[in-house]
Every structure is written in structure tokens, then in C-alpha cells.
Amino acid sequence: MNGVSQQVQQCIQQCQQATNQLRSMANTEPNQQVKTMLNEGAHHLDLCITECQYSVQQMQTGQ
């Protein structure tokens with residue numbers, strides 16, 4: 001894995017941690033509106049993670 005791929009993979013891991021934190025906060029949030037917003041933020045990060053994983057895959061296959 002080249003340096004750029006490693007950096008992107010590290011970013012993915014940080015985003016996964018942030019996603020887990022948002023979901024954890026949502027699970028303990030009594031306000032439904034805030035809970036929804038936290039889960040929505042986690043979902044947006046999930047989409048970013050998927051796109052970054054695709055980029056890493058493309059870098060590894062040389063495309």
C-alpha cells in the first residue's frame with residue numbers, strides 16, 4: 001500500500017471512530033430531534049467512508 005493509500009485508510013479509521021461516537025451519543029440522547037440529527041451525521045460519514053474505501057481500492061488496483 002502506498003503512502004497516499006495509507007493516509008486515506010487512516011482517515012477512514014478516524015471517520016469510523018467519529019461515526020461510532022455519533023451513534024453512541026444518539027443512543028443516549030433523549031431528544032428525538034437531536035437523536036435524528038446525530039444519526040443523520042453518522043450516515044453521511046458512512047457515505048464518505050464508502051467513497052474513500054472505493055478510492056483506496058482503485059489506488060491499489062492501479063486504476
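Residues are numbered from 1 along each chain as its sequence is written. In this predicted model, local features need pLDDT of at least 70 and side-chain atom pairs count only at pLDDT 80 or more, whereas totals for chains, interfaces and linings use all residues; side-chain values use heavy atoms, without hydrogens and water.

**Overall form**

The protein contains two helices and zero strands. Both kinds of element are DSSP runs numbered from the N terminus, with helices (H or I) of at least four residues and strands (E) of at least two. The C-alpha atoms occupy a box of roughly 45 × 15 × 10 Å along the principal axes. The radius of gyration is 14 Å, while a compact globule of 63 residues would have a value near 11 Å. That radius is taken over C-alpha atoms, and the globule rule is 2.2 Å times the number of residues to the power 0.38.

Of the 63 residues, 17% are buried (under 20% relative accessible area; exposed is over 50%, and partly exposed lies in between).

**Helix packing**

Helix H1 covers residues 3–28 and helix H2 covers residues 32–61; their axes come within 9 Å and cross at roughly 165°. H1 is therefore roughly antiparallel to H2, a term for angles over 145 degrees. Axes are lines fitted to C-alpha atoms, for helices over the stretch in contact, and angles run from 0 to 180 degrees between N-to-C directions. The crossing of H1 past H2 is left-handed, meaning that the near helix is turned anticlockwise from the far one by less than a right angle.

Among contacts (heavy atoms within 4.5 Å) between residues at least 6 apart in sequence, 54% join residues at least 24 apart.

Thr19 and Leu45 are 26 residues apart in sequence, but their C-alpha atoms are 6.4 Å apart in space.

Terms used
Buried < 20%, exposed > 50% of the residue type's maximum accessible area, 1.4 Å probe, protein only. Parallel < 35°, antiparallel > 145°, perpendicular 65-115°, else oblique.
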